[in-house]
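Look at the sequence and the fold below. Then read on for a short tour of its parts.

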Amino acid sequence: MNPKILKLSPSVINQIAAGEVVENPASIVKELIENSLDAGAQRIAVDLVEGGFQLIRVEDDGCGMGPEDALLCLERHATSKLQTVDDLQTLQTMGFRGEALAAISAVSHFELKTSDGSLGTRVLSEGGNIVRVEPTARNRGTTIEVRSLFYNVPARKKFQKSASASAAQVTKVVETIAMAHPETSFSLNGKEFAGSSQKERIQEILGEHEHEVNGANLSGFVASPAKAMATRAGQYFYINKRPIFSPLLSKAVKQAFGTRIAEHSHPRFVLFLEIDPEAVDVNVHPQKREVRFRDEGRVFRMVQEAVEKAFSPKMIFSEPISFTPLPAFSFQETPYREEAPPLKEETLPLVFQEKPIAVLGSYLLLQKEGWILVDLRAAYARILYDSLRSSRGASQSLIWPLEIPLGPGEEERAMALSELGIECRILKKTLVIDALPSFLEAADFPSFFAEWKEGKNLEQISARLGRSVKKHFSLEIATFYWKKLRECSDCLYDPLGNPIFAEVSEEDLAKVIRGKHG
Ligand code: ADP
Ligand code: MG
């Protein structure tokens, strides 16, 4: 044998390295857009042909490059953004490895046109070898065209997604970055992203996100619990405007949602964390999506607390203003579904700034600066759920115990009812109910039990019972519900995560009228 060690040529080295940075068209678009942002671009246009496999073009109006830099930038480890290792700690720009352009040009037919405002330069490269350099006319800015991606690495080409799947991936990349940079205008295949504030941009891209998060270091939006998804696809997390992936922070948000969402679903959110660059290490993954925090516990708590605050009832309600009893409301009338223990004067609920005005069907209208609508059915579901969960809801003895015949194997599920504060016994294959929690009516019990037997959970059953309330609500009863609701664990959502309240503005009312007649 005659061993022979050969030094790899730079273009082969670049092809190997390309695997790290250049996975697919989406990762290329991400690198190119980040370069444009680093160059201070105000407009960035992205165009694709065949999901990017035929052509990716990214054009910007940033600072551009002079002729020398235009050549240098294609070399590996050529970067204008980092000089010493210490710079890594304080880096504010997106890219810093000086790897992207070298890697992308190594696996494509690559064209760079750039100008720093004086002389423009055009550089053509094939598989990483520069084949042509010439002056060209161009306004300040940079255009990069990537053609025939992976033409020289067939193995990589084989593992690519379809053109349409790739286009969808690119779209998500552009949207993700565009949400963090509302001051920059973006277009994708000619379609401009509207919105010049962060809120507008996010709404344009993702639709409404109801709860605004407004912490010292964390801002953004979380969607209502009812909009949670089976995957994390609706989660956008940024650190210092850079999109990142962090199972840790995902978990912090989920924790803040608490029992508002089911165990296996994932909240939707767009959250921006501003943090001292020294407290975070973004250099963990070549794609720079994963991060490591110096103090994980602190960041976790900060995120959790800020998101919890967004759900806090205070966002909708004012603080209690006094402890004076409320003489205006009488509870003599037996409240619907509630044999309320007689309210003694001194235990009357607090007075809040919201004033009950009227009942509209199954909604209570409260007046604050504007108005608030309370969905009384959803409120009832929440109150019922909480009273069953706490199992200390004052039990109401039934004058005529309910008797329900049990089928084979149903005893165990029946006896589990006692955990809900339901007093029951089993007598010869018959379930006998002696007392029910105050918010569960005897008339509703048979259907409650039928669903309970089927294995439905308390969330589903309470919400269903809430929706099936048909009775008319008086203002007293509605007010009573509203006050009860405020003692609940989560007065903003029914047990399935549907909102109980909505704020209504004069503008909303105008829309109703215009909508009806316009
Ligand atoms: P990095 O971004 O990590 O520095 P790149 O390979 O992505 O590495 O880019 C190399 C260099 O090319 C950058 O540091 C920058 O000086 C220059 N460059 C790349 N893209 C642009 C652009 N769109 N406008 C101006 N300069 C650019
Ligand atoms: Mg870069």
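This report goes from the whole chain to single helices, strands and residues.

## The whole chain

This is a predicted model. The protein chain has 16 helices and 22 strands. Of its 518 residues, 47% count as buried. Take the contacts in the protein chain with a separation of 6 or more: residues 24 or more positions apart account for 67% of them.

## A buried strand, β11

Start with strand β11, residues 235–239. Five of its five residues are buried, so β11 is largely enclosed by the rest of the structure. Both faces are covered. Q235, F237 and I239 are buried on one side, and Y236 and Y238 are buried on the other.

Which strands pair with β11? One is β13, residues 269–273, which pairs with β11 in the parallel sense over five bridges. Here I239 stands opposite L273. Another is β12, residues 242–244, which runs antiparallel to β11 and is joined to it by three bridges. In β12, P243 is the bridge partner of Y238. The strands β11 and β12 form a hairpin with two residues between the strands. In this hairpin, N240 takes a positive phi near 45°.

In general, strands of a sheet pair through backbone hydrogen bonds, either parallel or antiparallel.

## A strand with two faces, β9

Strand β9 covers residues 211–214, and its side chains alternate. H211 and V213 point to one face and are buried. Strand β10, residues 218–222, runs antiparallel to β9, and four bridges join the two. β9 and β10 form a hairpin with three residues between them.

## An open sheet of three strands

Three strands form an open sheet in the order β19-β21-β20, with antiparallel pairing. The edge strands are β19 (395–405) and β20 (423–427), and each pairs on one side only. Neighbouring strands of this sheet are turned by 15° against each other on average, direction ignored. β20 pairs with β21 (residues 430–437) over five bridges, in the antiparallel sense. L427 has T430 in β21 as its bridge partner.

| Strand pair | Sense | Bridges |
|---|---|---|
| β11 and β13 | parallel | five bridges |
| β11 and β12 | antiparallel | three bridges |
| β9 and β10 | antiparallel | four bridges |
| β20 and β21 | antiparallel | five bridges |

Helix α11 has 15 residues, 376–390. How far apart are its end C-alpha atoms? They are 21 Å apart. At 1.5 Å a residue, the helix should span 21 Å, which agrees.

Is α11 enclosed or open? 12 of its 15 residues are buried, so α11 is largely enclosed by the rest of the structure. The buried residues include L376, A378, A379, Y380 and A381. R382, I383, L384 and Y385 are among them too, and so are D386, S387 and L388.

D375 caps the N-terminal end of α11. A side-chain oxygen of D375 lies 3.0 Å from the backbone nitrogen of R377.

## Two helices that pack, α9 and α10

Helix α9 (residues 247–257) packs against helix α10 (residues 296–311) at an angle of about 35°. Their axes are 8 Å apart. The crossing is right-handed.

Which residues meet? From α9 they include L248, L249, A252, V253, A256 and F257. K251 and Q255 in α9 also take part. From α10 they include V299, F300, V303, V307 and F311. E296, Q304 and E308 in α10 also take part.

An α-helix has 3.6 residues a turn, so residues three or four places apart point the same way.

## Two single residues

A103 lies in helix α5, residues 100–106. Is A103 buried or exposed? Its relative accessibility is 3%, so A103 counts as buried. A103 and G128 are 25 residues apart in sequence, yet 7.9 Å apart in space, C-alpha to C-alpha.

S185 is found in strand β7, residues 185–188. S185 is buried, with a relative accessible area of 16%, because buried means under 20%. S185 and S196 are 11 residues apart in sequence and 8.1 Å apart in space, C-alpha to C-alpha. Leaving aside neighbours within four places in sequence, S185 is in contact with Q42, R43, I44, E192 and R201.

Conventions. Residues are numbered from 1 along each chain as its sequence is written. Chains are lettered from A and ligands numbered from 1 in the order in which they are written. This is a predicted model: local features need pLDDT of at least 70, side-chain atom pairs count only at pLDDT 80 or more; totals for chains, interfaces and linings use all residues. Side-chain values use heavy atoms; hydrogens and water are left out. Two strands pair if DSSP finds at least two bridges between them. Axes are lines fitted to C-alpha atoms, for helices over the stretch in contact, and angles run from 0 to 180 degrees between N-to-C directions. The expected span of a helix is 1.5 Å times one less than its number of residues. Buried means under 20% relative accessible area, exposed over 50%, partly exposed in between (1.4 Å probe, protein chains only). A polar contact is a pair of N or O atoms within 3.5 Å; within protein, one must be able to donate a hydrogen and the other to accept it, and residues adjacent in sequence count only if both atoms are side-chain atoms. A crossing is left-handed if the near helix is turned anticlockwise from the far one by less than a right angle, and right-handed if clockwise. Contact means heavy atoms within 4.5 Å.
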